[in-house]
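Here is a report on one protein chain. Look at the structure first, then read on.

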Amino acid sequence: LISIAGSMLSRVVSRVARGCGASTPVRALSAVDAPTVWKFMHGNFPVQVPMSEPLPGIPPVQGAPSTAVQQQVSTLSNGVRVVTDNAHTLLPSFGLFVNAGSSSEDAGTAGSTCFLQHAAFRDSADRTHFGFVRELETNGISTEAVAGRDLFQVKGDCHVDVLPKALDLLADTTLNPKLTPTYFKRIQDAAQSTVESNNQNGAALVLDAVHSAAYGFNGLGNGIMSPNVAGLTPEAVASFHAQNIDRAGNVIVTGAGVDHASFVQMVEQAFSNISGGDSVPLAPSAFEGGFSVANTQDGTSHVAIAFDGFSWSQSQDAIASVVLSVLLGGGEAFSSGGPGKGMTSVIFRNVLDKSAETFSANASSYSYANGGLFVLQGQCLDGYAQQLSNNLIEQLKSVASQVSEQDLARAVNTTLGILHGNVEHAGVRSEDLARTTFVHGQPKSATWYADEVAKVDAAAIQGIAKKLLASKYAVAVSADEGASVSYDRVGNMIR
């Protein structure tokens, strides 16, 4: 292109020169004049050294030695467990993880997990909200808090040199939330605003509803974005906090990309004031099955069908169900960034491609420490929810009968790709260190998971699909489809 541009520019300049009566011939621009043309067009010269060659006078980069990543666990004298990996990085991830979530709430404390998520890095007994923000910004520490059904987490990333400060802030915000009436009301309003915003998301509402239908509005059936946030009292939140978070045996502090010995010393100093107490085990949530209606408000119909899935303690089945969900796949008829996501999966080929009335359809596996769900979910035009339900169930039944080699290879390779991509992120590894230690008593490496995924074959996929179809089930639909979709109709299709 530059050569062509050079030739064209040469002819133009020559004509202009002749038109102006210039007596000196204009030098022809050719391919050898590419830098000149580039400078004429862009105002600077391109880099002359290819990226495949070292820059003159610059010493070659010396890579860090390749060593196996080690995972280590220590228990402090106060009962807090510290779990780390030593993957080389200057930007480690840290976090406090609590073996509790919305499934640990009762009628009096419902909404506490959501409330405490919004209380993170706000006002504490020792710092104001402004004080937290100033120290986080000054030290370049990024943080987030995430409320879950079986896990509450407050985590972040920072430069290795400011880890002691990051852990000090982490301990302060998790152990000393300020629950005086004035501050409590501010956080309560923020949490209530999030709940109201979540109510505008039809897919999220139906997913919450199918959890509630599956577990009878108890345990894992307790919604994370609970409407009970508006009725919480400081005493209720303080009770939940004391029972689950300010309790050493219930807490794991993780560091991904750190030196274990030095990190343990930092944690011991930061969390020296945590209250004692053994771990409070998560009660198993019994799958009951049932029917629920969600009040969606987006003008379309939503449906979710949940089967009794597998907890993380059932490792082989849980991993196989993840591969099954990838094999079934799905997606949206239109997605941000353009189409192409999941188009070769079973649900996309056989549901989305063949039903203009369907906007989205997918399969997902949800594994928790105390239970699990396998969910078929979709969104469609009003009046088509029962048809969409039938189509989704038909795909699961087809996989129970036969799995093609091509679909299996795609699903296994995609799962492995996602796994290996995730372990490149220290934040993901930090969470995995905690989750696997809570479930198995020690962390599980990415290599272990990859080996388990690679073992999944057609027989395993068919076996999982058959177990799901033979299990109890739950159904949730948007309110306008409550009459056309019924628990029994779905059941007749499954059986």
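## Charged pairs and packed helices

Arg127 has a relative accessibility of 16%, so it counts as buried, the cut-off being under 20%. This is a predicted model. Arg127 forms a salt bridge with Asp168, and their closest N and O atoms are 2.7 Å apart. The two residues sit in distant parts of the chain, 41 residues apart: Asp168 is in helix α5, while Arg127 is in the loop between α3 (112-119) and α4 (129-139). Asp168 is partly exposed, with a relative accessible area of 30%.

Three of them are set out below.

| Pair | Closest N and O atoms |
|---|---|
| Asp168 and Arg127 | 2.7 Å |
| Glu144 and Lys155 | 3.9 Å |

Take the pair of Glu144 and Lys155. Glu144 belongs to strand β4 (residues 142-147) and Lys155 to strand β5, so their bridge ties together parts that are 11 residues apart in sequence. Glu144 is partly exposed, at 42% relative accessible area. Lys155 is buried, at 11%.

Asp317 is partly exposed, with a relative accessible area of 23%. Lys467 is partly exposed too, at 45% relative accessibility. Elsewhere, salt bridges with shared partners join Arg127, Glu135, Lys165, Asp168 and Asp172 into one network.

### Helices with a buried face

Which residues of helix α9 (residues 260-270) are buried? They are His260, Phe263, Val264, Val267 and Ala270. Seen down the axis of α9, these buried residues fall within an arc of 130 degrees, so they line one face of the helix. They pack against β1 (71-75), β2 (81-85), α5 and β6 (251-256). On the other side of α9, Ala261, Gln265 and Gln269 are exposed.

Helix α17 (residues 487-494) has Val490, Gly491 and Ile494 as its buried residues. Down the axis of α17 they fall within an arc of 100 degrees, so they line one face of the helix. Their packing partners are β8 (301-308), α12 (385-401), α16 (458-470) and β12 (473-478). Asp488 and Asn492 are exposed on the other side of α17.

### Two loop residues

Is Ser345 buried or exposed? Ser345 counts as buried, at 2% relative accessibility. It lies in the loop between β9 (330-332) and α11 (346-350). Leaving out residues up to four places away in sequence, Ser345 touches Val326, Leu327, Leu328, Gly329, Gly330 and Arg410.

Val160 lies in the loop between β5 (152-157) and α5 (163-175). Val160 is partly exposed, at 31% relative accessibility. With Leu90 and Leu91, Val160 makes a nonpolar surface patch of about 260 Å².

### The whole chain

The protein chain has 17 helices and 12 strands. Of its 495 residues, 48% count as buried. The chain exposes about 23400 Å², and carbon and sulfur atoms supply 54% of that area.

How far can the model be trusted? The chain averages a pLDDT of 89, and 88% of the residues score at least 70. Over residues 23-32, however, the pLDDT is below 50; this stretch has 11 contacts in the model beyond near neighbours in sequence. Where pLDDT is low, the predicted coordinates should not be read in detail.

Technical notes:
Residues numbered from 1 in each chain as written. Predicted model: local features only at pLDDT ≥ 70, side-chain atom pairs only at ≥ 80, totals over all residues. Heavy atoms only, no water. Patch = residues over 30% accessible without salt bridge, like charges linked within 9 Å, V, L, I, M, F, W, Y side chains within 5 Å. Areas by Shrake-Rupley, 256 points an atom, 1.4 Å probe, with all protein chains shown as cover. Salt bridge = Lys/Arg side-chain N within 4 Å of Asp/Glu carboxyl O. Helix = DSSP H or I, 4+ residues; strand = E, 2+ residues; numbered from the N terminus. Buried < 20%, exposed > 50% of the residue type's maximum accessible area, 1.4 Å probe, protein only. pLDDT = per-residue confidence, 0-100. Contact = heavy atoms within 4.5 Å. Arc of directions from axis to C-beta.
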